[in-house]
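This report walks through a single protein model, one feature at a time. Please keep the sequence and the structure in view while reading.

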Amino acid sequence: MKPERITVETLLRKKRHGERITMVTAYDWSQARLAYDAGMDLLLVGDSLGMVVLGYETTLPVTMEEMLHHTKAVVRGAPQAFVTADMPFLSYQVSQEEAVRNAGRFLKEAGATAVKVEGGSEALGAIRAILASGIPVMGHLGLTPQKVHQMGGYKVQGKTLESARLLLEEARILEEAGVFSLVLECVPAQLAERVTKNLAIPTIGIGAGRECDGQVLVFHDMLGLIPGRGPKHSKRYAHLASEIIDALRHYGREVRESLFPEEGHSFEMPEGVLERLDRESGEGALKESDGGARKAIPERGQKEFARF
Ligand code: KIV
């Protein structure tokens, strides 16, 4: 059976019916295929790719071109999926015009379905302008990694009365503006629950407890693709880093011991061709050595050349 094509309407319906929404980040063709085949409702090309794929310290250096490059690959891997692309740092803050142009590139050039914008009232102008151009926007409140330096690090947000009030208010403002869903990152579970209850649009939590309408995890974190401990809010559903290292060590050992490739991994010459080739190169070598030039170089493993 073909999986249901997810739309903004589907997500709202899921919220109304209390059906949880599943989202995971994906950054390339194969990850997108795997995530889509696994039945994820939403794929997010997060600017977290700066950290888990490109090796930057933060998400701040990520460019529009890098985001577009990865979004295109994700859409190629899962053309039927609802793909949301993260607006990278400074792609929407400078002017509303730039925000609309950049958001539009994700749909026009990369084939994304929607964009995600970090921030509340400070990003409202850009969010409204993007929405007015017909592009669905996912909001993102709580820990917004593009403000890492302003926040003084990656810290849980909304723990004080004042910041909790502000988050509730910002969530309401974003919903009113027209975002179709809202990521809540690293906020206390009880606060996320209240935000979720106050909104008609679905909340998607990451480090925000289980009362959100859906959950999102970073692909590399949930699959244990990066050696060492992952973030507290993520659960490791696999430990692929150690499996990959084991597999690579195994391969290296087999190459060093001439155990790989086996017969099944090699290709055979058609009958008669090799004999002719050997004869001809034998003749060629003789002719050249007659003239005092180069000798035919025996290939490893071809014993019949040993006499040269
Ligand atoms: O960039 C990202 O991966 C994100 C998720 C953590 C929500 O924004």
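## A salt bridge across the chain

K15 forms a salt bridge with D213, and the closest N and O atoms are 2.8 Å apart; a salt bridge here is a side-chain nitrogen of Lys or Arg within 4 Å of a carboxyl oxygen of Asp or Glu. Because K15 lies in helix α1 (residues 8-17) and D213 in the loop between β7 (203-206) and β8, the pair ties together parts that are 198 residues apart in sequence. Helices (H or I, at least four residues) and strands (E, at least two) are DSSP runs, numbered from the N terminus. K15 counts as buried at 14% relative accessibility, and D213 counts as buried at 8%, where buried means under 20% relative accessible area, exposed over 50%, and partly exposed in between (1.4 Å probe, protein chains only).

This is a predicted model, in which local features need pLDDT of at least 70 and side-chain atom pairs count only at pLDDT 80 or more, while totals for chains, interfaces and linings use all residues. Residues are numbered from 1 along each chain as its sequence is written, and side-chain values use heavy atoms, with hydrogens and water left out.

## Other salt bridges

A search of the whole structure finds 14 salt bridges. In one of them the side chains of D86 and K116 meet, at 2.7 Å from N to O. This pair links distant parts of the chain, with D86 in strand β3 and K116 in strand β4, 30 residues apart. D86 is buried at 2% relative accessibility, and K116 is likewise buried, with a relative accessible area of 2%.

R101 and E97 both lie in helix α5, four residues apart, which is about one turn of the helix.

## Helix α5 and its surroundings

Helix α5 (residues 96-108) has 13 residues and reaches 18 Å from its first C-alpha to its last, close to the 18 Å expected at 1.5 Å a residue; the expected span is 1.5 Å times one less than the number of residues. The buried residues of α5 are A99, N102, A103, G104 and F106. These buried residues pack against α4 (64-77), β3 (82-86), β4 (114-118) and α6 (124-132), contact meaning heavy atoms within 4.5 Å.

## Strand β1

Four of the five residues of strand β1 (residues 21-25) are buried, so the strand is largely enclosed by the rest of the structure. β1 pairs in the parallel sense with strand β8 (residues 214-217) over four bridges, and with strand β2 (residues 42-45), also in the parallel sense, over three bridges; two strands pair if DSSP finds at least two bridges between them. The bridge partner of M23 in β8 is V216, while T25 has L44 as its bridge partner in β2.

## Loops and backbone details

F260 is in the loop between α11 (240-256) and α12 (273-290), and the peptide bond from F260 to P261 is cis, with omega near 0 degrees. At 33% relative accessibility, F260 counts as partly exposed.

L90, in the loop between β3 and α5, has a phi near 70 degrees, a positive value in a residue other than glycine. C186, in the loop between β6 (181-185) and α9 (189-198), has a positive phi too, near 50 degrees. L90 is partly exposed at 45% relative accessibility, whereas C186 is buried at 11%.
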